[in-house]
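Here is a short note for a colleague who is new to this structure. Please read the points with the model open beside you.

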Amino acid sequence: MKTTFVLTVGLFLLFVSAHAQNHPLPGYIVRVSGDSIHGFLKEQGTDESSRQISFKKTADDKEYQIYTPVEVKAFQYDGGNLFRAIGYSDNRGSVASYRTNFARLLVTGEYDLYSFTEKDILLFLARKDSSFYLIFDDDIDQVPIIPGNFRNELNFFALSCDELKGQIDKVNYTPVDVTEFFKKVDVCVSPTKSVTSYYHKPKGKLSFYANAGGISLGSRYEYSLDLGLRLTWPQLSPGVSLNAGIRYAYVQSRIADPNYLLTTIWHKDTYKLKSLPVFIQYNFTRGIVQPFILAGLSLLTMDNVTDLQKTGSDAYYHRIGPAILVGGGVEVRLLRTLRARAEWRYEYMSQYPTVGLAVILP
């Protein structure tokens, strides 16, 4: 029965995935020669966007062509973020180094403001004429920790703006707050110069997910089914997702009879777990093979069937209660929306690792 169940759900997921289409985002690139080419851009996380851009001329092209800041000086998603190739001096270490990468344009005026991330660390670049100033918070990626220059730089830019000096301590190290601050600085230091904001709020992407898996270990086995919604922010950190849904797990284990001391007598111990999990999943890589971890909470109820008399009561037996959820595994991307998935979870109990199929739509 369990094999038929997993196979049926797996074939259904495969059918649905095969009919899902890839929808790259329209946009354009500007080559270093100055030529603009319109086509389609890959939706990337901020780290990837600082290093390269993947572009294809038509939506039907199977492969993207990858460009670096040496080959392309700007790119933009239609109605979305504009990125430019920026060269600047990185003064975070003991010796300054010159670097070039793509950065997202946030504000233009007397001062231009850009942002980018490096290993998920947010950095800002401010431009005055031909000079660029790197603005950074505490750099937790190096030891010893390098003190950030954030407040000092804001004081420097607002030197002639008495009104803004009192607001510096209230500015958070976020694109929204820093963008608003620089807009005010630009108006203050050059009232006649046009100030334009290019900031676009990150768009969340809501997807439907379905996972079906199982494993057989002789008399012990498990099969499970997960259905739910997944929220990601692809242009921030595509590896992080917020998930919420429903889950059913059928776990058949065994338990030793405590009344037999000279020999071991095993009894079947069956758990039917139903839960409403809410958890965060983090995929470490973006390639074909993606190991992941997850953690969160769930509301869980269970039905336990065994022919061995147990003592004591179980708070989850035919009752709903909160449970801790942790787990991990690996996903292997077969198609854009179809993945093979191996997973282990602890939710009420340490469950068996399962192997199956997962679909994320769209």
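1. First, a term for accessibility. Buried means under 20% relative accessible area, exposed means over 50%, and partly exposed lies in between, with a 1.4 Å probe and protein chains only. I121 counts as buried because its relative accessibility is 18%. I121 is found in strand β9, residues 121–128. Helices (H or I, at least four residues) and strands (E, at least two) are DSSP runs, numbered from the N terminus. The C-alpha atoms of I121 and D137 are separated by 8.8 Å, and the two residues are 16 apart along the chain.

2. A word on the basis. This is a predicted model, in which local features need pLDDT of at least 70 and side-chain atom pairs count only at pLDDT 80 or more, while totals for chains, interfaces and linings use all residues. Residues are numbered from 1 along each chain as its sequence is written, and side-chain values use heavy atoms, with hydrogens and water left out.

3. Start the strands at β7, residues 97–108. Two strands pair if DSSP finds at least two bridges between them. Strand β6 (residues 82–90) runs antiparallel to β7, and eight bridges join them. G87 has T100 in β7 as its bridge partner. β6 and β7 form a hairpin, with six residues between them.

4. β7 also pairs with strand β8, residues 112–118. The sense is antiparallel, over three bridges. Here R104 has S115 in β8 as its bridge partner. β7 and β8 form a hairpin too, with three residues between them.

5. Strand β11 (residues 196–197) is another partner of β7. Two bridges hold this antiparallel pairing. T108 stands opposite T196 in β11.

6. Next, the cysteines. Which two form a disulfide? C161 and C188 do, with their sulfur atoms 2.1 Å apart. The rule asks for a pair of cysteine sulfur atoms within 2.5 Å, and by it the count comes to one disulfide. The pair links distant parts of the chain, 27 residues apart. C161 sits in the loop between α3 (150–157) and α4 (162–165), and C188 in helix α5, residues 175–189. The link of C161 and C188 is left-handed, with -115 degrees about the S-S bond.

7. Are these cysteines buried or partly exposed? C161 counts as buried because its relative accessibility is 1%. C188 is partly exposed because its relative accessible area is 34%.

8. Now the nonpolar cores. A nonpolar core is a set of buried Ala, Val, Leu, Ile, Met, Phe, Trp, Tyr and Cys residues joined through side-chain atoms within 4.5 Å. The largest has 32 residues, and F181 and F182 touch the most other members. β6, β7, β8, β9, β10 (131–136), α3 and α5 each give two or more residues to this core. β9 provides the largest share, five residues. Another core, of 11 residues, lies apart from it, and L41, I53, F55 and F102 are among its members.

9. Two residues deserve a look for their contacts. Contact means heavy atoms within 4.5 Å. Leaving out residues up to four places away in sequence, F181 touches L154, A158, L164, I168 and V171. With the same exclusion of residues up to four places away, W233 touches P202, K203, G204 and P238.

10. W233 lies in the loop between β13 (220–232) and β14 (240–256). W233 is partly exposed because its relative accessible area is 31%. W233 and S50 are 183 residues apart in sequence and 16 Å apart in space, C-alpha to C-alpha.
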